[in-house]
Amino acid sequence: MKLIPLLLMGCGGVGRQLLQHIISCRSLHAKQQGVHLRVVGVSDSKSLVVASDVLTRELDDKFLSEICRVKLSGSSLSTLGENDECLVYSDLELKRKVIDIAALVGKSTGLALVDCSASSDTIGVLNQAVDLGCCVVLANKKPLTSSLEDYDKLVSFPRRIRHESTVGAGLPVIASLNRIISSGDPVHRIVGSLSGTLGYVMSEVEDGKPLSEVVKTAKSLGFTEPDPRDDLSGMDVARKALILARLLGRRINLDSLKIESLYPDEMGPSNMSVEEFLSSGIVSLDNNIQERVEKASLKGNVLRYVCVIEGSRCEVGIQELPKNSALGRLRGSDNVLEIYSRCYKEQPLVIQGAGAGNDTTAAGVLVDILDIQDLFP
């Protein structure tokens, strides 16, 4: 049985779902692939729980289930307390201990450091872990959208990094793009709707519903972040676009992207509470969006919130697109990506499916972990 030691950083919705997938797939992985994922540690933003001996022991499935229960209740991992099976580290000790484990296990058997957080604080740890020979699996977009120096460090050993879930959750966006690039087929244009939230919003306003009503409905359905402006700002799509652009070799940073926010600066979080924005702010935006929808419709087009990567152009915002195109036909919260290259010149390669959700994202992370199994003894 091949053992893959694993340390998970981030135990929110995606991290918890990943642990549950690992537990439920034990017999599948053992029988079909001869692989056992040995979870040696799990951290949240304040605490790290590790096996008492990271070289020989692991956090068993019963304990991993308890971790999920504790985090679902909103508590810190520090409430678990130490015992014969595990040790708990907090605050300043946390990062140092992760590096210690990376040094010990990474050089011994190899270690998969899995980042399912949404934090920039993991970047330094990941960069050091790469130097220590560890593999890195990411759902967190921020390490790949930081400075070019940080990016270059992370991707310096391409076989040891996987990050499919940073762009399309479980969709094979990165894998497909890498295959095209590796074949020598030059990619000259990418257009994608990469936010389930904004995909839903744009297809609903197309039906004549006011933007304010659609956003409130999306929030009530759990499609948006607690503050919908986190979605409406376009920053999440911008990070995904930057990851794709850098994959194509573009040497650019986040601040060089043109990003269209669906709300003006004066309605930002520093000027207006979530309640004010939803009750009075967003209503004032209804007419403008509806006028744009109607204007596009007269030309046989629809509005979609997309990223466009073409030549030196990399921008994120509302675009008019043909109603009968893959993006124009998009309904609901699916993601759609069109890739144009020499081989896919007239008819683009289209990737479509659920591009968000804890379950789908965690499944993508799990596949990435299994994809690096050949790097372990």
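This report covers a sheet, the cysteines and the nonpolar cores of a predicted model.

## Basis

The model is predicted: local features need pLDDT of at least 70, side-chain atom pairs count only at pLDDT 80 or more, and totals for chains, interfaces and linings use all residues. Residues are numbered from 1 along each chain as its sequence is written, and side-chain values use heavy atoms, without hydrogens and water.

## The sheet

Six strands form an open sheet in the order β9-β11-β10-β8-β12-β13, with mixed pairing. Strands are DSSP runs (E, at least two residues), numbered from the N terminus. Two strands pair if DSSP finds at least two bridges between them.

β9 (258–259) and β13 (349–354) each have a single partner strand, so one side of each lacks a neighbour in the sheet. β9 and β11 (residues 313–322) run parallel, joined by 2 bridges. Ile 259 sits opposite Val 316 in β11.

## Cysteines

The whole structure holds 0 disulfides. A disulfide is a pair of cysteine sulfur atoms within 2.5 Å. For Cys 11, the nearest cysteine sulfur belongs to Cys 68, 5.7 Å away. Cys 11 is buried (under 20% relative accessible area), at 4%.

For Cys 314, the nearest cysteine sulfur is that of Cys 307, at 7.0 Å. Cys 314 is also buried, at 9%.

## Nonpolar cores

A nonpolar core is a set of buried Ala, Val, Leu, Ile, Met, Phe, Trp, Tyr and Cys residues joined through side-chain atoms within 4.5 Å. The largest has 79 residues; Leu 111, Leu 113, Ile 190 and Leu 244 touch the most other members. Helix α12 (residues 235–247) gives the largest share, 8 residues. Helices are DSSP runs of H or I, at least four residues.

A second, separate core has 38 residues, including Ile 22 and Phe 376.

Conventions. Buried means under 20% relative accessible area, exposed over 50%, partly exposed in between (1.4 Å probe, protein chains only).
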